[in-house]
Amino acid sequence: MADADAAVPPVVVPSSAPPPAPPGGAPPKVTHHGRVAAPVASSNEDTEELPEFEPFGAPGPRGFPSLAEYLDISKVDMMKNRAEINHQQHHTDRFNTDFLIVRRGQEFQVKITFNRPYDADKDKFAVEFGIGPSPQFSKRTYMPVFPTPERQSPWAGRVVVAAGPEVTMGITPTADAIVGRYRLYVAVVTPYGIRRTCTDVSRDLYILYNPWVKEDVVFLEDEEERDECVLNESGVIYHGTWDDIAERNWNFGQFDFGVLDACLYVMDRAGMPIVNRGDPVKMARIASAMLNSRNDDGVLVGSWSGDYSYGVAPTSWTGSTDILLSYYRTRKPVGYAQCWVYAAVFNSFLRCLGIPARVVTNFYSAHDNDGNLKTDIILDENGRIDRKNTRDSIWNYHCWNECFMARADLPTGFGGWQAVDATPQETSDGMFRCGPASVRAIKHGELCFPFDAAFVFAEVNSDVVFHSRKRDGTMEVVKVKKDHVGRLILTKATGSYDSRDITELYKFPEGSVEERTVLEKGEVYGCARDQSTLPEADVELRLPALEVAVGDDFELCLEAVSRSGESRTVDAYITGSVVYYTGVTSADFLFKTPTLELEANQSVKELWQVPARSYMKKLVEQANLHFIATGKVKETGQIITAMKVVALHMPKLSIKVSGLNKVNELMVATVDFTNPFSLVLEHVYVRVEGAGVLSPVFKYYGLIPGGSRMTWTEEFTPRRAGPTRLIATLDCAALRQVSGQLELDVLP
């Protein structure tokens, strides 16, 4: 009989110790083996080469016979000169490139020279296109194009001209073709197999989106708007405050040498499957995450700290070219960016690939991270702002992008302009990105539509809610400002350097029946509003507009206006703070507590002189002063408020040019600046560039003493005729956002 103990299975005691590490201590490498047959093709740089000869069967004992008697390819002319038909008809002649660049859905031509005259009845050939690793016809990453109407692939082909051994082939990619860099081969069919041209990088070509063709989902019918939002390289980005708007000039540089490759590398770095790159919705969504570095080592590192020792200050950049080329060259994120830099580089990316795009600025932009439509400001019982408990902030302005495309994933009518934002604010599907969100859906409160419509809706529609905090910690709503956030939304006008008000694209007029309906609809989708119904105060506080240059003394005015038939007394508080443009307070520099006595239906003003010395040493970049006035009406107990942001005006750079002002003729740009302050400016960087005429260059100055003048001359040779702009900036820790520009019309 067997031992009874032997029948009892051993007891396994759980252990909290981790499993033993594999040999060498490194974790096992994650691969595709056992999950898919091959890795997903996601690199446009890694394009597989096709064999020069592809036999139909096994060779005989003596190998394949000579193929000399059969048709062979002597030469392939890509017709890629910028003055030739391809670049001209495809609106790609401005690209500074050695390659052919065309747009999908539109015919381009390739000239093929054979070793003998081409016989259409006897000879069979095809032009082949491949993109990415392991090109496959089923995935549209390999596409043969045939010259005869009897045999066609999704890409149409035809013989345009046949003259002896020369054949000009017309090729039309589908209007939904994959966007990227393709490798081209010419293949000839022989009885024994297919012979091809050898791999030649000079025959690579780029296929872009095509807003000129109706069948493409990025088609934009308005010709002026299309030219502005695809072809224009010189942009204007608006900042400052809604009642004192400032301009920041920018060179998008989408046609500069290397920028197109840099944009395609951004998609490679994101691991975006090649097969998805014909879809602008997916392209824009992935790019909105890749333009920031928060999740995926994307293009730009954001910083609002004021310390830019390890990179370039956001206010110093003059264009996108340096940023994109640096990322492409180093494979590392570039420092530093704030919202307008993210928007400007994103704009370059979209325009470069052929997606119509523009930068928009929302003045007084709410950053809603609670899923509601409220920005809370806490006051104490006397009406004074409680800095300790006020955590919300309103950005003086915020920049994002709009791109134009049809939206097959949305109901009819919600295509067109789509909001996208690369500034890392909140996560969407686990990554810092935003959009594309239909602008029409935002206006009409259709917040369930993808992607992130609710977030943008809150940015332009939030209420500013003032709470009075009691001593026991309870709070009571005492004032709601419904017209402060989303006060003005601007973009550059088409065909000029003027601004265009597009607020009506995002929201209905304040107080209208349509606006009320939309906000109620927003609540259905979870965007809660404050429902307080407060009696209208019969006294109003006002802070009139101010235009102040940095370093100037100025006069601050607080006005109280009574609409009551009785006298009123207001105990007021006014606080002046230095703030970042994000609305975050850096330091207070002014505090006043006036008591305002008003007779019936009258107004009174209180004036204070504000010396420059009170704020100058506390300034942070962009030099914004924020004034908040609050008051309590003794007779009624009502709380009244007023807010004003003052963006201090900076000194300007002067730019002049000399020379013949012609293509390929030497010219000289002179940048001039005089330090208007008594303080010494240290570690100063001056940058200058101009689309099509001057590549980005910079110069470093160790110091510029107070009252002294700086003059820098830079030689350049215009590469392209037509109107353009030279843009220059001066930047140092003590003085940000100094700029200048000069319009130039280069002659052929």
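## Helix packing and cavities: worked exercises

In this predicted model, H3 and H6 are roughly perpendicular to each other. Let's work through that pair, then turn to the cavities.

**Exercise 1.** Find the angle at which the axes of helix H3 and helix H6 cross, and classify it.

*Solution.* Start by locating the helices: H3 covers residues 259-270 and H6 covers residues 339-353. Next, take the geometry: their axes come within 10 Å and cross at roughly 105°. Finally, classify the angle: 65 to 115 degrees counts as roughly perpendicular, so H3 and H6 are roughly perpendicular to each other.

**Exercise 2.** List the residues through which H3 and H6 meet, and sort them by class.

*Solution.* From H3, take Val259, Leu260, Cys263, Leu264, Val266 and Met267; from H6, take Phe349, Cys352 and Leu353. Sorting them gives 9 nonpolar residues, with no polar and no charged ones.

**Exercise 3.** Describe the largest cavity and its lining.

*Solution.* First the count: there are 5 cavities of 30 Å³ or more. The largest holds about 90 Å³ of space. Of its 14 lining residues, Glu228, Arg351, Arg358, Thr491 and Lys492 are the closest to its centre. Helix H2 gives the largest share of this lining, 3 residues. By class, the lining has 4 nonpolar, 4 polar and 6 charged residues.

Key: Residues are numbered from 1 along each chain as its sequence is written. This is a predicted model: local features need pLDDT of at least 70, side-chain atom pairs count only at pLDDT 80 or more; totals for chains, interfaces and linings use all residues. Side-chain values use heavy atoms; hydrogens and water are left out. Axes are lines fitted to C-alpha atoms, for helices over the stretch in contact, and angles run from 0 to 180 degrees between N-to-C directions. Helices (H or I, at least four residues) and strands (E, at least two) are DSSP runs, numbered from the N terminus. Angles under 35 degrees count as roughly parallel, over 145 as roughly antiparallel, 65 to 115 as roughly perpendicular and the rest as oblique. Contact means heavy atoms within 4.5 Å. Ala, Val, Leu, Ile, Met, Phe, Trp, Tyr, Cys and Pro count as nonpolar, Asp, Glu, Lys and Arg as charged, and the others, Gly among them, as polar. On a 1 Å grid over the protein atoms alone, a cavity is a set of points where a 1.4 Å probe fits but cannot get out, and a pocket is an open set with protein on both sides within 12 Å along at least five of seven lines; lining residues have an atom within 4 Å of a point. Grid points are joined across faces, edges and corners, and a volume is the space filled by probe spheres set on the points.
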